[in-house]
Amino acid sequence: MTSTSNSKGIVEDDDEEEEFQHFDDFTVASSWERFISEIEAVCRQWLSDGTKNLLVKDALRMDSFKDLYKVKSEFKYAMKSYCMEYYFAISNDGKVAEWDHTLHDLQLSFGVKEFVVIAPQSASGVVLDAPEASKLLSAVAIALSNCSCLWPAFVPVHDPSRKAYIGIQNMGTVFTRRFEADRIGSQVPIKLMHLEGLYELFVSKFAYTTVDWSMHHFEVHFKMKLTYRTPVYDDEDEFQEPEADITGSSENLESGIHGKSQWDDDSPWSKWYSAEDPVKGFELLAIWAEITAESSLDMAELENASPLEAEKWLLYPCLSSNLVGICDGITIGFASQLRLLIKAFEMSSEAKFIEDFVSGSENLNSSAVVPPPTVLDRVLKDLFHEVTEAQADFSQVEHESSRSIKGAQPESLFAQFCLHALWFGNCSMRAIAVLWIEFVREVRWCWEESQSLPRMPANGTIDLSTCLINQKLHMLAVCIDKKRREAEGQNLGTSDSVNLQTPMNFSASHELSKGFGRKNERNGSAGVAESMMLLKSRKTMHFPMTQDPPPMTEDMHEERLKAAEALGDSFSFSAQLEKDILASDMSAFKAANQDAVFEDFIRWHSPRDWENDDSHEIGVSQTNPMEEVSEVKWPPRGRLSERMSGNGNSWRKIWNEAPPLPVSEQKPLLDPNREGEKVLHYLETLKPQQLLEQMVCTAFRAAADTLNQTPVGQLKQITTKTRQLYATMASMLKYLQSHNMTSDSDVIDDLKRLCSTFEHIEKLILLAASLHRKFVQSPHLGEAIFSDCYDYYLPNMGTGSGLGNNNTKKEFDKKQRVSSRDRNVIVGMFTPPTANQSWRKVLSMGNLLNGHEPILREIVFSKHDRVSESYYASTNPKLSRQDIETYRMYVCGTSNDLRVALAVTSFD
């Protein structure tokens, strides 16, 4: 019996378990309930994951908004597909920043931080049917309530252009917030254009409709932000001045119309191109702190207030789109033309002679167009005939690091040729060839006509740190000058060639020469060598007039070095290298000191090779030289150095062979005719690749030196970046400076990257120049704005890719606060509108700034109530002490566009 009863108990348990397994959940019996259940499951999953796990999984960052991410899930209900998106921020402060334009539209409109949006997956993305929208919102609200989730939920409704939403938020067991937003895209009622009408609209949401609002006081919190934009004038506005003087001459009228001033007319680069202003204008945000308004009259008074009364001013530059990335030649500037010059350099190795590119050989592209002769004549006229003295002096425009690049000075003839070539015929190889051939012809004309070579010094030492073409042109300028002097019968040796050891006091020297050298005539004497006398005759030594050392280019130095090395006598290396100069100096010394010996010449010319045994020699007094001579210990105890006293010394041999001839009777060390023809031969037979190598180095240096002249104020960032640019150019252009004829792809790639770096620096300099001009009276404000732009632009500098190509397209959004002392400077940027501008638009809003109405007005109305006045105050003592926002209305727009978002908190 016991076993029977046990078996029956087991069977009954099995039946109960089977019955429990087949339990039917009638809460999801309908499709509506299953839809809610699916939403609830997704919401619970998002809640359990948390923001950190969602970021790791599949959260997407919203590019246009700051620190905003979203996740989404798709559902189907009633043969339709829906997409629910959860938006959240990674910061945990729980507050929404005031007037932050990087916020999502719903965050700004309703003051929420995280929220859910559910919308149909259709072309419009909105719910056009009102019952469907209510049912959809109810489903999400029930699901969120089941999860005890306090996220607000929104559904887009109506036409997409209206940006309309309805929403709901469960704030706990007591309060519920409902949301509604809509937009008027045109024909805004006049009443809603003014603060008074907007105030009454807000009051109507909680006051009785029969109340006269102008006679009653309602405590409403109010805060406002106005956005102003500096005016941009079009062509009609800029041509008003010429139209005013109709009776004037046609020449003046034409100059007035075509003389339209640009922002960079007086900039260093304005001769070569007109740059787009990187700062298109400024947006000014005038923010009023929260105030309490009690009537519509307060609103009317506030509308007439000046923006200068606002608590906070924020300034925001409107940057050009070309500033945010590398445009690869789309932006016209030095960098874009240098890219074209690199292409021409890459092509230059395809021919051996410059003339091959002009004749139109097979190597030339069909698109290589040469400008008309008028353009060519204008370039040559600027290079050779329109040169001022200020342009010829280029010592003040070089950067301290410029000489590390083997190019030419920015205002020199070859540097100006290179800069013109950048803009001549799109800098094609054929256009460069045409320009170079005509350039050399002009140089030969100057030589044959003995005309001074413009933009080149006719004296001085040739700078070997420059490119070889610049050295050759300097040599030619010296030859032309000497050639012209000889033709005019001037004595080259006595006119301007005086040795650097000539004493300063010539009047005293002449007195001494009269006392000591009256019997023996001295030829070519430049003065007396004080405290020095000839060893044998005990006569006062005279300095001779000597010829200047002939100027030499680096290839001439290399030739003389090779010749000296071929002699193999390292001990007499200097004598072999400077034999002609040394012989000329010895002849001049003999003519000025007829009783001189070799040791006298050494004591004057090379004092280090005369070893004195005495510590010093008693000098000859200029006051009474005749009395002092007897006191000199003679002969001075000394001897030649070992170098000069050796057997077969080359200096002594040259001394014995040198005749006593003054400079006026000597053969010039420099033959201008021979050296001038050698220079022209070099220029006329220069290979294309050799020309382009030197053009690339010179063009980079000249362009950088030109930009370096830009006044930018005290900006350390520009100084640092400019110094880095010169260091980068010097490093990358070493290949071209070494005269290596191998043009490989690696070097071309390096030069292209250098162009990208140059473009970054060029854009920064343009930006700095624009801000410097606009903030002359408040330089600290301009520097602060530039620093913000620099920090925004810096991460992509030198990467070869612009900000526009970045994965996260983050716009520049840094605003600079304007102090009270700088507000008048900003007001000056808003020039009062002229009569021609005022008739175009009727001013419909208040708060004018120098006659300009705001382009955007944002207002937040709010009303706060205590819970003690509600039904739940008696049952919830803690709530009775709370002050909650019961009504909130966000208004955004202008006189032609108005958007209103309302949030209402209810006790239900």
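User: What puts R603 and D600 about one helical turn from each other?

Analyst: They sit 3 residues apart in helix α22 (residues 598–605), so about one helical turn separates them. Helices here are DSSP runs of H or I with at least four residues, strands are E runs with at least two, and both are numbered from the N terminus. Keep in mind that this is a predicted model: local features need pLDDT of at least 70, side-chain atom pairs count only at pLDDT 80 or more, and totals for chains, interfaces and linings use all residues. Residues are numbered from 1 along each chain as its sequence is written, and side-chain values use heavy atoms, leaving out hydrogens and water.

User: What makes R603 and D600 a salt bridge?

Analyst: The term asks for a side-chain nitrogen of Lys or Arg within 4 Å of a carboxyl oxygen of Asp or Glu. R603 and D600 come to 3.2 Å, N to O, so the pair meets the rule. Across the whole structure, a search finds 41 salt bridges.

User: How do you know that K814 and D788 form one too, and what does that pair tie together?

Analyst: Their side chains meet at 3.4 Å, N to O, so they pass the distance limit. K814 lies in the loop between α31 (779–793) and β15 (816–817), while D788 is in helix α31, so the pair ties together parts 26 residues apart in sequence.

User: Why is D788 called buried but K814 partly exposed?

Analyst: Buried means under 20% relative accessible area, exposed means over 50%, and partly exposed is in between (1.4 Å probe, protein chains only). D788 has 12%, so it's buried. K814 has 44%, so it counts as partly exposed.

User: What makes the F414 and F417 rings a stacked pair?

Analyst: Rings of Phe, Tyr and Trp (its six-membered ring) pair if their centres lie within 6.5 Å; planes under 30 degrees apart are stacked, over 60 edge-to-face, and the rest tilted. F414 and F417 have centres 6.0 Å apart and planes at 15°, so they're stacked. Both are buried, and both belong to helix α14, 3 residues apart.

User: And why is the F202 and F206 pair called edge-to-face?

Analyst: Those centres are 5.6 Å apart and the planes stand at 70°, so edge-to-face it is. Ring pairs also link F202, F206, F218, F222, F861 and Y887 into a cluster.

User: How do you know that K863 is over the ring of F206?

Analyst: The rule wants NZ of Lys or CZ of Arg within 6 Å of the ring centre and within 35 degrees of the ring normal. K863 lies over the face of F206, at 5.1 Å from the ring centre. K863 also forms a salt bridge with D865 (2.8 Å, N to O), and both of those residues are buried.

User: What makes helix α14 "mostly covered"?

Analyst: In α14 (residues 413–423), 10 of the 11 residues are buried. The cover includes α10 (334–347), α12 (373–384) and α27 (688–708).

Methods:
Contact means heavy atoms within 4.5 Å.
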